[in-house]
Amino acid sequence: MHDEAHEGTLGSRLNWLRAAVLGANDGIVSTAGLVVGVAGATDDRSALLTAGLAGLLAGSMSMAAGEYVSVSTQLDSEKAALALERRELREQPDAELEELTELLEQRGLTREVAREAAEQLTERDALKAHARVELGIDPDDLTNPWHAAWASFLSFTVGALLPLLAIVLPPAAWRLGVTVLSVLAALVLTGWLSARLGSANPGRAVLRNVGGGALAMGVTYAAGVLLGAAGA
Ligand SMILES: [Zn+2]
């Protein structure tokens with residue numbers, strides 16, 4: 001059981017890390033697209049700052065709200081599953097003991113050992129045993145929607161700060177070059193990290209990620225130039 005708990009913790013930590021990297025990636029791409037688009041239309045630094053800051057806040061809050069809603073929904077269904085489990089344990093303990101025995105058998109224990117283990121687990125903490133083996137959740141460590149929302153908010157913000165600073169800090173002539181290069185370099189890093197954390201091929205992930213970011217900036221820049229030229 002110790003090994004399993006350890007694996008579960010490591011797995012969920014990697015998931016968090018991966019979510020943070022993807023959140024930062026979103027912040028980079030969407031804010032870069034926004035500020036590069038505005039830079040296509042105007043040289044005005046305060047317009048760039050306003051657009052970038054508004055994009056940062058809108059994006060990070062929208063990510064946080066979305067994450068809050070989705071994790072809350074997950075939490076509701078985990079709580080409902082635990083409540084059902086609790087009721088089944090109360091109303092039909094024998095059937096539940098048999099169920100736990102069979103689940104442990106499926107994991108490779110012999111019938112006798114599985115029975116013995118199921119009895120011990122049931123004696124110690126029946127609900128916890130069923131939650132872990134049957135539902136794959138730890139009733140003492142349910143996902144917290146607020147943590148998830150904060151993590152999204154922070155990771156998006158960290159990502160968004162890069163294009164925002166890159167577009168407002170350098171002199172006007174350097175603005176676009178600095179932004180495009182630093183964004184593409186950051187996308188190499190986030191693409192590589194998220195692939196490594198998800199055990200996928202880093203080369204292809206990096207190419208897709210950089211390609212997506214370049215496309216986003218190219219499209220918004222073209223739109224900004226057209227609108228700027230039209231005097232909008
Ligand atoms: Zn059960």
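Here is a short chat about a predicted model of one chain.

Colleague: What's the secondary structure of the chain, roughly?
Modeller: Seven helices and zero strands. Along the sequence the pattern reads α-α-α-α-α-α-α.

Colleague: What box do the C-alpha atoms fill?
Modeller: Roughly 80 × 35 × 25 Å, taken along the principal axes. The radius of gyration is 25 Å, while a compact globule of 232 residues would be near 17 Å.

Colleague: And how many of the residues count as buried?
Modeller: 31% of the 232 residues.

Colleague: Switching topic, which residues does UniProt annotate as "transmembrane region"?
Modeller: The unreviewed entry lists 20–40, 47–65, 148–169, 176–195 and 210–230.

Colleague: Take 20–40. Helix or strand there?
Modeller: 100% helix and 0% strand, with the end C-alpha atoms 30 Å apart. Residues 47–65 are also 100% helix and 0% strand, and their end C-alpha atoms lie 27 Å apart.

Colleague: OK, on to H6 and H7. At what angle do they pack?
Modeller: About 145°, with the axes 8 Å apart. H6 is residues 175–197 and H7 is residues 202–229.

Colleague: Is that crossing left-handed or right-handed?
Modeller: The crossing of H6 and H7 is right-handed.

Colleague: Which residues meet there?
Modeller: From H6, they include Val 180, Leu 184, Leu 187, Gly 191 and Trp 192. On the H7 side, Ala 205, Val 206, Val 210, Gly 213 and Met 217 are among them. By class, the contact has 13 nonpolar, five polar and two charged residues.

Colleague: Last one: what share of the chain's contacts with a separation of 6 or more comes from residues 24 or more positions apart?
Modeller: Those account for 72%.

Conventions:
Residues numbered from 1 in each chain as written. Predicted model: local features only at pLDDT ≥ 70, side-chain atom pairs only at ≥ 80, totals over all residues. Axes fitted to C-alpha atoms, helices over the stretch in contact; angles between N-to-C directions. Helix = DSSP H or I, 4+ residues; strand = E, 2+ residues; numbered from the N terminus. Left-handed = near helix turned anticlockwise from the far one by under 90°. Contact = placed C-beta atoms within 7 Å. Nonpolar A, V, L, I, M, F, W, Y, C, P; charged D, E, K, R; others polar. UniProt positions renumbered as here; feature names shortened; annotations may be inferred. Rg over C-alpha atoms; globule rule 2.2 N^0.38 Å. Buried ≥ 20, exposed ≤ 12 C-beta atoms within 10 Å, placed from the backbone.
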